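Here are a few notes to go with the model you asked about.

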Amino acid sequence: VLLLGIDGCRASALLAANTPNIDTLLNHATYSFDALTQYPTWSGPGWSSMLTGVWEEKHGVLDNTFLGSNYNTYPHFIKRIEQLYPAKNTASVAQWSPINDNILQSSADFEINLSQDVDVKTQAVNILNNQNPDVLCVHFNLVDAAGHSYGFDPSVPQYISAIQTADSYIGEILTALRNRANYNNENWLIIVAPDHGGN
C-alpha cells in the first residue's frame with residue numbers, strides 16, 4: 001500500500017491545476033471528487049478518520065489538540081497490520097508530525113517527521129529504493145499551508161502552485177516505485193487523498 005496524503009487539497013483546485021502524475025493515476029483508478037469529511041474540517045479529525053476508518057464519534061478526535069482520542073480501540077490501520085502481520089515492513093513519513101506522534105504512536109517500523117515536503121518526498125523515494133516496504137504512508141503539507149496563507153480556492157495562484165508542486169513530488173515517488181527491481185511481481189494499492197479541502 002502506498003498512501004499519498006495531500007493535506008488541505010480541495011477537489012475543485014486539483015481539477016484546475018496541472019497535475020500530470022495524479023491524472024495518470026486517475027486513468028486506472030476508482031475515484032471521487034465528491035468525498036465528504038465531517039465538521040470541523042481540521043487535520044486532527046480528518047486524518048484520524050481516514051487512518052482509523054471510523055468517524056470522530058468513535059476515534060474521539062474533535063480538533064488538533066487530540067484530547068479525548070480513542071486510538072486504543074480504533075487504531076491507525078498500520079497498527080492493525082503490525083498486530084496481524086508483524087513481519088510486514090511499514091513506514092510513515094510526514095511533514096505534520098501529529099500523524100506519527102499522535103495517531104500512529106510508534107506502531108510502524110519506521111516513522112519519520114520532516115519539516116519540509118521536499119524532504120518528505122526524498123525520504124519516501126529512499127525507502128522505496130533501499131528498503132522493502134509493504135505499507136508506505138506519505139504526508140504532504142504544502143497545499144494546506146498555502147490554503148491557510150492565501151485561500152483554499154482554485155482562483156488562488158499560490159494554492160494551485162502548491163498542488164502542482166505536490167504532484168511533481170508524487171511523480172518522483174511513483175517513478176521510484178515503478179523502478180523497484182521486483183515491481184512487476186508486486187501488487188500495489190496506491191491511494192491519493194486529502195484530509196479536507198479547506199474551510
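1. Which helices and strand each supply at least two residues of the lining of the largest pocket? Keep in mind that this is a predicted model. The elements are helix 1 (11-16), helix 2 (20-26), helix 3 (43-52) and strand 5 (190-193). Strand 5 gives the largest share, with four residues.

2. Now the pocket itself. The space in this largest pocket comes to about 1100 Å³. Its lining takes in 39 residues, and S32, A35, V192, A193 and P194 are the closest to the centre. By type, the lining has 23 nonpolar residues, twelve polar and four charged.

3. Have a look at helix 3 next. This helix is mostly covered, with nine of its ten residues buried. The buried ones are S43, G44, P45, G46, W47, S48, S49, L51 and T52. Just after the helix comes G53, which has a positive phi of about 85 degrees.

4. Then there's H76. You'll find H76 in the loop between helix 4 (56-59) and helix 5 (77-84). Its relative accessible area is 1%, so H76 counts as buried, the cut-off being under 20%.

5. What does H76 touch, not counting residues up to four places away in sequence? The list is L51, T52, I103, L104 and C137. Two of those names, L51 and T52, also turn up among the buried residues of helix 3.

Note on methods. Residues numbered from 1 in each chain as written. Predicted model: local features only at pLDDT ≥ 70, side-chain atom pairs only at ≥ 80, totals over all residues. Heavy atoms only, no water. 1 Å grid on protein atoms, 1.4 Å probe; cavity = no way out; pocket = protein on both sides within 12 Å on 5 of 7 lines; lining within 4 Å. Points joined across faces, edges and corners; volume = space filled by probe spheres on them. Nonpolar A, V, L, I, M, F, W, Y, C, P; charged D, E, K, R; others polar. Buried < 20%, exposed > 50% of the residue type's maximum accessible area, 1.4 Å probe, protein only. Contact = heavy atoms within 4.5 Å.
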